[in-house]
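Here are a few notes from my pass through this one. Have the viewer open while you read.

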Amino acid sequence: MDLPTSAPGPTALEVDQINRLVRTTPAVWFLSTLGALICYLQFADSQTDSRLDWWLAAFCAVSTQRLVASLFVYRVPRSVRLIRWWLSSTLVHAALWGLLSVVLLTPGPPQAESILHITLVAIAMGGSVRLPGFRLTLIAHVGLVLGPLILRDLWTANPYHAVLAFLVFLIGVYALVSGRNQSLALREIHVQRQRNEELIVALQRENERSETARGVAEEANAARTRFFAAANHDLRQPLHAMRLLSQTLLEQGHKVDVAAVSTHLVECVEGMAEVIDDLLEITRLDVGHMAPHWSSFPLDDLVRECCRPHEPLALAKGLRLDIDVGRLAVHSDRALLARVLSNLVSNAIRYTERGAVRVACALTSDESHVWLDVEDTGIGIDEEDLPRIFEEFYQVGNPARDRHLGLGLGLRSP
């Protein structure tokens with residue numbers, strides 16, 4: 001058994017048009033009631049029965065009901081049911097105007113006839129202004145108001161009313177064409193307004209993203225500035241030491257231990273080379289020149305090769321460096337993977353005072369990827385610092401940018 005589907009809600013254009021109809025109801029009530037009274041007074045003397053009185057009473061009752069409803073409908077959410085009810089009441093109102101032509105089937109004085117035709121034509125033209133968003137309702141409205149009037153004029157069978165019938169017909173066609181053009185214009189305006197609103201929302205989101213990106217860039221630039229200031233300091237220290245050692249050799253070469261001084265010079269040069277290598281690595285990261293070179297290789301060989309240089313430091317600190325990697329082959333960039341693994345192992349040993357550092361791997365459930373884990377029993381990372389672990393140059397507890405504690409690039413390196 002199929003479940004009943006709920007009716008789709010009204011479109012934004014329909015809601016806007018109903019709001020417009022509701023807002024203009026008091027003005028329409030006043031003008032239409034005034035027109036009905038004028039027509040009644042013009043034909044009251046020429047009508048011998050009470051049909052005109054009954055028509056006026058019914059017209060005023062329907063108009064007043066619509067007026068009262070419009071005062072309460074502001075609090076009601078716009079729905080398909082409300083739209084249908086309001087359009088139906090609008091057509092009832094139009095039918096009452098058309099009924100007036102039947103009630104006044106016998107022509108009256110020329111002045112009264114002119115007022116009748118002008119009033120009904122004005123009502124029809126008003127519908128083309130108020131109902132362009134509802135095409136079928138507009139057609140029915142114009143037909144209900146002017147159709148009986150045209151038939152009445154033709155039934156009268158005199159040249160004067162025949163001309164009036166032709167003119168009323170042309171005005172009715174004009175009202176429909178005008179309503180159609182207004183409907184197209186309103187739809188275009190509505191579509192354009194929607195596009196503008198979507199554009200405004202998109203621009204707001206883009207501005208928010210731009211502000212966020214600018215904030216991140218400003219933080220990164222500030223951190224980069226601090227880093228290069230520290231790097232400048234690291235370069236000046238060995239340069240200053242090299243100058244002092246060179247002066248010592250030059251002035252007191254026969255009195256000093258040349259081998260010891262040379263060793264110090266070599267250490268200074270190596271320290272400067274490390275700083276320069278670090279700066280070059282940062283430059284390559286920034287310009288995107290570190291493209292991966294894919295190849296297949298044994299993972300256990302790579303892990304042992306990366307861990308071997310760190311074993312003496314782990315041993316000196318009394319740490320166990322455990323490797324639990326089976327015979328697996330992976331497809332990756334060997335050099336970049338080695339750099340990432342070496343950085344992780346180095347950090348683990350640096351920030352672990354006792355216990356062990358463990359490197360292990362495991363296949364995923366579908367055996368298409370490998371999890372490579374570096375675990376330690378060190379100080380860990382506070383929860384508030386986790387969002388910044390991949391931020392370049394950021395280091396916890398190293399505000400002075402001590403190079404012996406790293407550069408803050410280990411986790412960012414590819």
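1. Start with Val-173, which sits in helix 6, the stretch covering residues 159–252. Keep in mind that this is a predicted model. Val-173 has a relative accessible area of 37%, so it lands in the partly exposed class, between the 20% and 50% cut-offs.

2. Phe-166 is another helix 6 residue. Its relative accessibility is 52%, and because exposed means over 50%, Phe-166 counts as exposed.

3. Which residues make up the nonpolar patch on the surface? Val-173 and Phe-166 both belong to it, together with Val-163, Leu-167, Phe-169, Leu-170 and Val-177. Taken together, the residues of this patch have about 630 Å² of accessible area.

4. Now for helix packing. Two packed helices are described by the angle between their axes and the distance between the axes. For helix 2 (residues 51–72) and helix 3 (residues 80–103), those values are about 160° and 10 Å. Angles over 145 degrees count as roughly antiparallel, so that is the label for helix 2 and helix 3. Helix 2 passes helix 3 in a left-handed crossing.

5. The other pair to look at is helix 8 (residues 299–307) with helix 10 (residues 334–350), whose axes cross at roughly 50° and come within 9 Å. Helix 8 and helix 10 are therefore oblique to each other, and their crossing is right-handed.

Methods: Residues numbered from 1 in each chain as written. Predicted model: local features only at pLDDT ≥ 70, side-chain atom pairs only at ≥ 80, totals over all residues. Heavy atoms only, no water. Patch = residues over 30% accessible without salt bridge, like charges linked within 9 Å, V, L, I, M, F, W, Y side chains within 5 Å. Areas by Shrake-Rupley, 256 points an atom, 1.4 Å probe, with all protein chains shown as cover. Salt bridge = Lys/Arg side-chain N within 4 Å of Asp/Glu carboxyl O. Helix = DSSP H or I, 4+ residues; strand = E, 2+ residues; numbered from the N terminus. Buried < 20%, exposed > 50% of the residue type's maximum accessible area, 1.4 Å probe, protein only. Axes fitted to C-alpha atoms, helices over the stretch in contact; angles between N-to-C directions. Parallel < 35°, antiparallel > 145°, perpendicular 65-115°, else oblique. Left-handed = near helix turned anticlockwise from the far one by under 90°.
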